[in-house]
Amino acid sequence: MSDLAQDVRAALAARGEPVSRLGYFCLPFRPEGGPLADRVIKTYRGGRDRDLLQELGARHAAYVDMLQWAGVRLPETKFLILEAAGYLQPVIVQEALDERILMRPKLEAASLSEMQDILGAATLSIADFWARVADRPERIGYHPSIRNCAIDDQGPIFFDTFPPLIGYSHAEMGKLLLRFSESGLVRAMGRVMPGRIRGIQDEWYSPAGTIVGLIGSAVRLRPADGPATLAWAQGFVAGQLRGALRDEVLAELDRPPRLPAYWTGMRRLLGLEGKPNV
């Protein structure tokens with residue numbers, strides 16, 4: 001057993017409160033002490049399907065490599081599988097970020113002009129990512145929501161690498177969404193309404209959808225500033241983006257962006273809080 005695996009097992013045995021309860025896949029936590037005190041640990045639904053989990057690990061490595069190749073700033077992130085009596089537990093160990101730079105609370109506390117600066121930097125970084133991966137042969141996704149990002153003086157930081165959005169077809173990713181959901185309710189819904197569960201991923205694979213999703217979250221986060229934020233976003237996108245991406249985003253910003261009804265309903269059923277998912 002590696003030193004990291006031993007440290008993770010010890011941290012799991014002494015685990016405290018999760019740092020977020022919003023995760024669809026897990027409740028990440030930060031150890032209160034020990035060698036991983038400066039890390040966030042994310043555990044995922046395990047099982048005995050070794051081939052699937054080993055493939056997941058390979059895809060995760062490929063996704064991290066691709067994100068870094070595309071210029072995305074990412075905390076140090078390691079994937080491992082713990083095994084006990086044939087039961088395999090996927091785990092991600094990630095460098096913890098200073099809570100003061102997490103994007104969602106920064107947007108909450110910022111002045112209107114500061115919020116616009118944050119959203120502008122994030123929007124340009126998302127557009128740059130999609131431009132860099134446009135010619136890659138794999139099916140690639142990206143989920144830079146305000147709760148999956150941080151921002152400092154050097155720009156945005158992305159930290160959500162699960163599921164690894166590389167190389168999976170729409171149907172395959174739909175199966176992963178069910179396989180790794182911690183909620184028995186979601187898995188039951190998936191058997192009855194598989195299309196709705198598969199639809200969760202659609203925004204992640206849409207360049208325009210990822211930008212509209214970011215702006216929509218900011219509008220909903222500060223409803224009193226919503227009209228001003230939307231008007232600013234329309235002008236920013238018109239002036240800073242180019243080509244088809246600009247046109248597609250503007251077409252979605254002619255009204256306040258809204259989450260799909262099935263997703264908001266699912267979040268209410270699961271009791272998910274709107275906090276950063278580190």
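These notebook entries record what I looked up in the structure above.

**Basis.** I worked from a predicted model, in which local features need pLDDT of at least 70, side-chain atom pairs count only at pLDDT 80 or more, and totals for chains, interfaces and linings use all residues. Residues are numbered from 1 along each chain as its sequence is written, and side-chain values use heavy atoms, with hydrogens and water left out.

**Sheet.** I took helices (H or I, at least four residues) and strands (E, at least two) as DSSP runs, numbered from the N terminus. I found an open sheet of three strands, ordered β1-β3-β2 with antiparallel pairing; two strands pair if DSSP finds at least two bridges between them. β1 (39–43) and β2 are the edge strands, each pairing on one side only. Five bridges join β1 and β3, and Lys-42 stands opposite Ile-92 in β3.

**Loop between β2 and β3.** I looked up Ala-85 and Gly-86, which I located in the loop between β2 and β3. Phi of Ala-85 is near 55°, a positive value in a residue other than glycine. Ala-85 is exposed, at 74% relative accessible area, whereas Gly-86 is partly exposed because its relative accessibility is 25% (buried means under 20% relative accessible area, exposed over 50%, partly exposed in between, with a 1.4 Å probe and protein chains only). Not counting residues up to four places away in sequence, Gly-86 touches Gly-47 and Arg-48, contact meaning heavy atoms within 4.5 Å.

**Cis bond.** I noted that the peptide bond from Phe-162 to Pro-163 is cis, with omega near -5°. Pro-163 lies in the loop between β5 (155–158) and α5 (170–179).
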